[in-house]
Every structure is written in C-alpha cells, then in structure tokens.
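Here are some notes for a colleague who is opening this entry for the first time. Please read them beside the sequence and the model.

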Amino acid sequence: MINLKKLDENVNINVISKKQNLNNNCNNIDNEEEEKRVIKSFTISKKNIKKLDKYINENKGLGKLTRSDIINFLIEKYL
Amino acid sequence: MKGKIIAVGNFKGGVGKSLISYLLYKHFSDSYGLIQSDLDVISDNILHIADFDDFKSKKDEIREILNNKNLIIDTGGFYDDLQNYFFKKSNLIVIPLFLDNLSIKRTFLFLKFLNTLNVNSKKLIVINKYNKEQEDIKTEFINYTKENYGITDFFTLNNYKSFEKVINTDINLIEQNKKNKILYKNAVLQLQQLNNKIKGLLK
C-alpha cells in the first residue's frame, strides 16, 4: 500500500523554484557551453551526468534540443 | 470574452496532459481552442507557443479564440514564468495523474506549488489509466487530497488504450459504425462525461 503521507512529506517545493529560475534564465541550449552551465547548476552526481550526456548525444541528431527538453529530462531524473 | 481558460498541468510527465487536452479539443472543437508548447501533436488550428515573447506576439489570436470558445492550455512543455502565468489566469486546472508513487508525489508537489503561487482556480484531478485493482489506493488518495489540499473534484478515466486509438478517429463516425461503436463506446462515453464535468465546473 502506498503511504500517501510519507510521499507528501518528502516533497521539496524549493526544487521547483530552482528549476523554474534556471529555465527562465537560459535560452535554447544549442552549444556545449550552455549545456555545461545547465548541468553545473543542478549539482548532480558524475553517474547522472553520464546519463544526461547520453541523453543529449542521443537527441542531438534529431534536431536542436530546447531548454524544455533539458529541463524536462532533469525534472524527471531529479525531482 | 465569453470563453474560459483551462490549464492542463502536472509536474509528472507522461500522465496524459497532451492526450486529454487534444482529445477534448478534437472531439468538442465547437467548445475548445488549444494552446500547446510541444510540437508532438501537429494539427491545424492548434496554437503553438514557445515562450513569453511568442505568447505576446499571439495575444490577438488568443483573444479571438476566447471570444467564441474556451481555451485549453496544455502546459506540458512550460516550466517557466509563462506556465505560472497560465495557472494564475486559468478558471480551471485539470491535473491528470496515474496512481503510482512517483506520479502521486509529483502531484502533491504540483498542488503545493499552486498554493505558493496563490492560484485560486478550481481544480479537477483526473485519475488516468485506472484499473479496478487500484480501488483502495484511489479511495485513499481522494480522501487524503480532499483533506489536505481541499480538492473536491475528481474524475476517473479507465480506458487508456482506447483513448490513444480514438485520437485519430472521428467520434461522430463511430456512432454510425457498429464495430467501431463497440470498440470505442467506453472511451467516447468517458470523454463525453469528462467534457460535461469540465463544463459544469466552468459555470
């Protein structure tokens, strides 16, 4: 059975404002420097940076990654 | 403007925000216009908005929709001030979710977030992809959300596969075709009930 109270208590609202600030401040991510800046601002582990690298590389060929692509990916992984 | 604004949102991806937005828009097109930020659903007459500047440049088109219809905003791709703006401006926020841990957690986060924005819009939680085995958790979730977040309106969709199929099907034609009618009857019925529920909340 899912413990709703526990799930509710583990929610950290500050994460959202952090991500929204980031999104408001960055334009389309179309170069490596911008990617690095976004990744750095999330303070994530080396293992997960590898996952993000993989995600970016896999999607690069399909066209320009937008900021919402990156943000969505980060939110899915880290929220 | 006689139209109302319906924002469809949740911080959990893949719970049916775009699907629900598009199904309502497509099958009740007399009632709704649609704004999307993603380009995953390509169709005529859907207004695509990328960011605030884009939004400002399309204000006249948005007003024109609102003169005649309600406007559904699929906030799927927005994680910024524009999303917050839509939530604040909306008359109703439709919040789809699945009844799994992560989806419920993100929904709580989303509801907390709306509280921090002081969003006073009505809220409708749509429990998507429901199956009978989830009855206990559904009841518990509804009670918990009522008690802790003051949400009073819930709707259950339990025919997910059919919804995906019905996207490209004209429900008026389903009525005329016996085989299709059986296949999609439940999906169409639920969609109509959801539309009625939304209309009721917008009154």
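In which sense do β2(B) and strand β4 (residues 70-74) of chain B pair, and over how many bridges?

1. β2(B) and β4(B) pair in the parallel sense over five bridges, where two strands count as paired if DSSP finds at least two bridges between them. Within β4(B), Asn70(B) is the bridge partner of Tyr32(B).

2. This is a predicted model, in which local features need pLDDT of at least 70 and side-chain atom pairs count only at pLDDT 80 or more, while totals for chains, interfaces and linings use all residues. Residues are numbered from 1 along each chain as its sequence is written, and chains are lettered from A and ligands numbered from 1 in the order in which they are written.

3. Chain B has nine helices and seven strands, which are DSSP runs numbered from the N terminus (helices H or I, at least four residues; strands E, at least two).

4. Strand β2 (residues 32-36) of chain B is largely enclosed by the rest of the structure, because five of its five residues are buried (20 or more other C-beta atoms, placed from the backbone, within 10 Å of a residue's own). On one side the buried residues are Tyr32(B), Leu34(B) and Gln36(B), and on the other Gly33(B) and Ile35(B).

5. β2(B) also runs parallel to strand β3 (residues 47-48) of chain B, joined by two bridges, and there Leu47(B) is the bridge partner of Ile35(B).

Note on methods. A residue is buried if 20 or more other C-beta atoms lie within 10 Å of its own, exposed if 12 or fewer, and partly exposed in between; C-beta atoms are placed from the backbone.
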